[in-house]
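Trainee: I've got a model open on my screen and I'd like to talk it through. Can we go over it piece by piece?

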Amino acid sequence: MSVTPPLAIINARLMLPGETQPVAGVLRCVDGHIAAVGPQVAPEQSDAIHDAGGKLVTPGLVDFGTFAVDKPAFHFGGIVRAAVMPDNGMLDVPSRVRFVASSGKPDFWVHPLAAATQGLEGTRLAEFGLMKDAGAKAVATGRRWIADSGTMLRVLQYAAMLDLVVCTHAEDAGLTGNAVATAGEMATRLGLPSAPAEAEALALARDIALAEIAGARLHVRQVTTAAGLDLVRAAKARGLPVTAGVTPAHFMLSDIAVAEFRTFMRLSPPLRAEQDRKAVIAAIADGTIDVIASGHDPRGPEGKRLPFADSEPGMAGAETLLPLTLNLVRDEVISMAHAFELLATNPARLLGVNSGRLEAGAEADVAVIDPDRPWIVDSSQMEASAGNTPFDRQPVQGRSVALFKGGAQVA
Amino acid sequence: MTSPASSYPPGSAAFPHRDLVGIGGLAPHELLFLLDEAEQWVGFNRLSQKHDDRLAGLTIINAFFENSTRTLLSFEIAGKRLGADVVNMHAGQSSIKKGETLIDTAMTLNAMHADAIVIRHGSSGAVQLIADKVDCPVLNAGDGQHEHPTQALLDALTIRHARGRIYGLTVVICGDLLHSRVARSNILCLTSLGARVRVCAPPALMPAAIEQMKVEPFHQFDKALEGADVVMMLRLQNERMEGQFIPSPREYRHLYGLTEERLARTCPDTLVMHPGPMNRGIEIDSNVADLVDRSLITRQVEMGVAIRMACLDVLTRGVRQVEGWQ
């Protein structure tokens, strides 16, 4: 095994835990871990030097809940680890989990999320004890909700015993049916099959109640409505271990974007009304939402160049996760420190991995970021395996300019 | 009574669109322009010799990805009466079933140098998707639950013929609004032309936020019918009748069927319309559908051919180099 030489990142504005503003200083990595970091740290003689040039130095991003392992896109976006959903490749047996867990190393770490039920069909429990030993870091219900409450309770109880978080998709299947849009004026005008936004709160209310019975940790991968966020807020106030995530689509866009049947706007859950978008922003600001993730799900033209209702849901999001989250900092919704808690610290903690913070002893997963650098999203020139971004041709700000995984530069 | 009364900008400025994908996006004067253009064909179609050569040499493809008898026939007759070479493509006979994508089919049709393509497809937005990929005018003959613009235009023409105007009339649209492209196009067209539109359906068949489309929603049919000038019944799809959306056809008839007794309680001159095909005895009773002085149902079919002739004529003026439309 090759040993990475000691490294010092100098001229850094460090995003340190507990600090609201960046601090000028140096970060030293030895043997793949952060050896020392802070304003008083100095490089040592033997260190390789990386001059950050006064740029922001942050934890590498940890992306919770992606559908593809798409290394170039993740590296472009400053992401060093991704927790991959069990849907593609069906991670319901230990052998596949083990394969996926090692598939990105050394320069990108993939953390498989074990399928909660066999074939993700929502009926029989999968072997998540064995899958945990094979490298699974959490359990997930996949793209779908588990409709049977008895099955979901047993999933939560079993996961609690193994101390694994259960990541759920909150849309009541009976209400959603074949819906591809949120019920409302836009879906009505376009004649798209739609479901009420309340499908989310219904699913969430049940899952929170079951998680409380089971004493399980519940992570709702995407909470996208005001009513759903209120339930999460209330659960947290009662001290329940419930966490929530969202992707930039649901704080940047509302269902108005679906007009003209743009299939890059076909997402799951579907885009919501404007007041729900505002509720998501408020929930990010007040800490109800813990994680912002890319939901990275590249889809080629064969999945997207179709009539809206026939197209596949999902967006390529790895490259735009950072700049779109930084929009919230520029809009003074959150502080820079809070942004990296959402993008790195919190998802790493949910997964139980020693990353996501610039602290001595943590793995040296570090990004050098120019938060103001302007660029234009171009769906035809993306690093991702497909360019299905809802943000095509949009000017954004913020780029990862260097990325380190375990102290070795990977981008 | 129904002579063209409107004045328009000259030439193609009267209808500056390559395609007819929906009523949405058309200005009121553009709708009136199409209605007025159709007037000449109403009289023409009643002649014994009804042949015009203005589309001679042009190829029109009717690409129907969803079953249709009436609309397809109407478009075919319209094209042929104007002298065009009309070709019909049915999805059942096409390579769609062999896995070809919609875009590939569109590119294939395009490569055959059609001068206009008429499309019906089961998915909302599919016609726009094809229109974006081909070089010739595209006419929407119904896309999913989105729009069916020529149906709305022929309904407007029928109403104008019967009542002399559309502005200020109260029109009730009753039935499965949730799944109806006819309803959506009619709502857009009639409200744009100044009619008051009421919609009536059981809650399960009423689209969310429908009032945002400038209509007044009702659940009680008798209330909706009060003072109505026109009542437009929608077809109840067979597959939606049993249990899922409504308890049973006979219960539907009880609450929403246009029966003789119910019609008798309305104004004596309320007119009856239905886009067809009808479920006689469910949403409309036979003796209502066949009322000679009040039912416009066969008149709608007649106006359909005239409207489609007008649309084909107007949309091909560019390729035919008509003065002012090049």
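Predicted model: local features only at pLDDT ≥ 70, side-chain atom pairs only at ≥ 80, totals over all residues.

Trainee: Which residue of strand 7 of chain A is the bridge partner of A:Thr66?

Mentor: Look at strand 6 of chain A, which pairs with strand 7 of chain A in the parallel sense over 5 bridges. The partner of A:Thr66 in strand 7 is A:Val84.

Trainee: How many residues of strand 7 of chain A are buried?

Mentor: Strand 7 of chain A runs over residues 79-84 and is mostly covered. A residue counts as buried if 20 or more other C-beta atoms lie within 10 Å of its own. For strand 7 of chain A, the count is 6 of 6.

Trainee: Which are the edge strands of the open sheet in chain A?

Mentor: The sheet has 8 strands with parallel pairing, in the order 6-7-8-9-10-13-14-15. An edge strand pairs on one side only, and here those are strand 6 (61-66) and strand 15 (291-292) of chain A.

Trainee: And what is the bridge partner of A:Val246 in strand 15 of chain A?

Mentor: Strand 14 of chain A spans residues 242-246 and pairs with strand 15 of chain A in the parallel sense over 2 bridges. The partner of A:Val246 is A:Ile292.

Trainee: Why is helix 12 of chain A said to be largely enclosed by the rest of the structure?

Mentor: Go through its buried residues, which include A:Leu321, A:Pro323 and A:Thr325. Just after the helix, A:Glu332 takes a positive phi of about 60°. Helix 12 of chain A (residues 321-330) is called largely enclosed because its buried residues number 7 of 10.

Trainee: Now the contact between the chains: which helix of chain B gives the most to the side that touches chain A?

Mentor: The contact takes 17 residues from chain A and 20 residues from chain B. On the chain B side, the elements giving two or more residues are helix 3 (102-111), helix 4 (126-131) and helix 6 (181-192). By class, that side has 9 nonpolar, 9 polar and 2 charged residues. With 3 residues, the one that gives the most is helix 4 of chain B.

Trainee: Within chain B, which element gives the largest share of the side of domain 1 that touches domain 2?

Mentor: The assignment gives domain 1 (11-148 + 302-315) and domain 2 (149-301), with 26 residues of each in contact with the other. Helix 1 (28-44), strand 4 (138-143) and helix 11 (297-315) of chain B each give two or more residues to the domain 1 side. The largest share, 7 residues, comes from helix 11 of chain B.

Trainee: Last one: what is the radius of gyration of chain B?

Mentor: Chain B has 11 helices and 9 strands, and its C-alpha atoms fill a box of roughly 55 × 50 × 40 Å along the principal axes. A compact globule of 326 residues would come out near 20 Å, and chain B agrees with a value of 20 Å.

Methods
Residues numbered from 1 in each chain as written. Chains lettered and ligands numbered in written order. Pairing = 2+ DSSP bridges. Helix = DSSP H or I, 4+ residues; strand = E, 2+ residues; numbered from the N terminus. Contact = placed C-beta atoms within 7 Å. Nonpolar A, V, L, I, M, F, W, Y, C, P; charged D, E, K, R; others polar. Buried ≥ 20, exposed ≤ 12 C-beta atoms within 10 Å, placed from the backbone. Domains from an automatic or database assignment. Rg over C-alpha atoms; globule rule 2.2 N^0.38 Å.
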